[in-house]
Amino acid sequence: MSINQTPNNQTKTTDNIAYSRLTFESNGHVCLIGLNRAEKRNAFDSHMIRELSAALTQYDNDNNLRCALIFAHGDHFTAGLDLMELQDKLDKGVFEFDESQIDPWGITGKPRTKPVVVAIQGTCFTAGIELMLNSDVVVVSSDCNFAQMEVQRGIMPFGGATVRFVAAAGWQKAMPYLLTGKPFDAATADRLGLVSEVVAKGQQFERALELAGEIAQAAPLGVKGLLESAQDGVRNGAAVALANLPSYLPDLFASEDAKEGVMAMVERRAAVFKGR
């Protein structure tokens, strides 16, 4: 599957959910979510925002899916927010999610419990940067160009960059980009600690899919506990997260997957985990 394929503007339906701005399919235990508004450089309008939330919620609720890969059809990941379409909706709850919904930017709504990998090419502006900062593994093409340019549009970042960009890069490294909105390239994003890997142009989807597949082969209960503990540390601090760490262990040690992991080691074979 190529992320540069011609986008299909027909509605995609999976499990009774209709997607017109996304593609949604599974590849084994990996969920593939494709931004599919290439004619608008995949800019987020209100429909795409709701569909991405629905897709991530569907993924998080499906016990057969263990890792999600968010990618983009066309030449660009996203031009950011479609401000023309959103201008009269920004103060009307378009970015508010209830306790049953996953917020793609992790600000409100139900906390995500499973890992997300992102593959990025071409332009990745504003909300796209904040989406990747709320993900777990980020693979970018060497041709990527980034900009957190909200201050150039009369607003400010509100999808997490004020916290996550600063946490990743450090105050003095982050502020020149946040306060000016000036662009930066893939090598700079890597140097700032915003991405996991930079790969050759056109190789980002294949590499991200490889990593997503590796994550999906790991023990699902262990991955879920690891992710929750790491998120606990980010949100509540190291002391709280370390104090909560022992609470994960009894159920994990008693699980079928833990027994399978030991037997696989003894028998010198690949483990086959079932998530129980």
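Tutor: **Surface patch and salt bridges**

On the surface, Leu83, Leu90, Ile155 and Phe158 make up a nonpolar patch whose accessible area together is about 280 Å²; such a patch joins nonpolar side chains (Val, Leu, Ile, Met, Phe, Trp, Tyr) within 5 Å, or like charges within 9 Å, among residues with over 30% relative accessible area and no salt bridge. Accessible areas come from the Shrake-Rupley method with a 1.4 Å probe, and for residues only the protein chains shown count as cover. The model is predicted, so to speak of local features requires pLDDT of at least 70 and side-chain atom pairs count only at pLDDT 80 or more, while totals for chains, interfaces and linings use all residues. Residues are numbered from 1 along each chain as its sequence is written, and side-chain values use heavy atoms, with hydrogens and water left out.

Leucine 90 sits in the loop between helix H2 (83–86) and S6, where helices (H or I, at least four residues) and strands (E, at least two) are DSSP runs numbered from the N terminus. With a relative accessible area of 32%, leucine 90 is partly exposed, a class that lies between buried (under 20%) and exposed (over 50%), again with a 1.4 Å probe and protein chains only.

Turning to the charges, the model has 10 salt bridges, each being a side-chain nitrogen of Lys or Arg within 4 Å of a carboxyl oxygen of Asp or Glu. In one of them, aspartate 45 pairs with arginine 21, their closest N and O atoms lying 2.8 Å apart. That pair links distant parts of the chain, since aspartate 45 belongs to the loop between S4 and H1 and arginine 21 to the loop between strand S2 (17–19) and S3, 24 residues apart. Aspartate 45 also forms a salt bridge with arginine 37, where the closest N and O atoms are 3.6 Å apart. Arg21, Arg37 and Asp45, together with Asp82, are linked in a network of salt bridges.

Elsewhere, glutamate 197 and arginine 207 meet in a salt bridge of 2.8 Å, N to O. This pair, too, links distant parts of the chain, with glutamate 197 in strand S11 and arginine 207 in helix H7 (residues 204–217), 10 residues apart. Glutamate 197 is partly exposed at a relative accessible area of 24%, and arginine 207 likewise counts as partly exposed, at 23%.
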